[in-house]
Amino acid sequence: GGRTSGGEVLSDLHVLNTESLAWGPGLQTPFARCAHAGGSVGSLGQVYFFGGFSGTEVATEVLHFNLATSKMQLAPSLTTPQCASPGSRFAYVTIDVEVEKGGISLLVFGGVTPKEDLADVLVYSLESQGFNHRPPVVNIPASDLD
């Protein structure tokens, strides 16, 4: 993914071999995205992406890339009572964490919607394939960071 200097949103995916430090050939996916991030679950050989900008709208889907098969597909994203919908966002940060009982979750920090800047945390559980929402612990206006 990403965007060209002319503004075209790309649908390619490049994988870096961390042992040889060589980039693999670009793979075409059915999902054009920019301003998104991936959460790598190395022990499972999977990468998850959420949201991003498709060129016409801010996306809401969770995308799943399997390193073994080199296939990208939509991942289930069930809603929970704590988070009826994760909403759309782009320009965020994602990391994976191991939580209690050996489960793995992806944390999505902040980002931007078409209407506002966000300072929250979304938790996507790989086990339940659902989102939970955590309100901001501290909400510091960006103007205070200058």
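Reader: Which residues touch the most other members of the largest nonpolar core?

Author: Tyr48, Phe50, Val62, Tyr124 and Leu126 do, in a core of 14 residues. A nonpolar core is a set of buried Ala, Val, Leu, Ile, Met, Phe, Trp, Tyr and Cys residues joined through side-chain atoms within 4.5 Å. This is a predicted model, where local features need pLDDT of at least 70, side-chain atom pairs count only at pLDDT 80 or more, and totals for chains, interfaces and linings use all residues. Residues are numbered from 1 along each chain as its sequence is written, and side-chain values use heavy atoms, without hydrogens and water.

Reader: What makes phenylalanine 50 count as buried?

Author: Buried means under 20% relative accessible area, exposed over 50%, and partly exposed in between (1.4 Å probe, protein chains only). Phenylalanine 50 has 4% relative accessibility, so it falls under the 20% limit.

Reader: Why is the pair of phenylalanine 50 and tyrosine 92 called tilted?

Author: Rings of Phe, Tyr and Trp (its six-membered ring) pair if their centres lie within 6.5 Å; planes under 30 degrees apart count as stacked, over 60 as edge-to-face and the rest as tilted. Here the centres are 6.2 Å apart and the planes make 50°, so the rings pair and are tilted.

Reader: How do you know that β6 is largely enclosed by the rest of the structure?

Author: Nice one! 5 of the 5 residues of β6 are buried, so this strand is largely enclosed. Strands (E, at least two residues) and helices (H or I, at least four) are DSSP runs, numbered from the N terminus.
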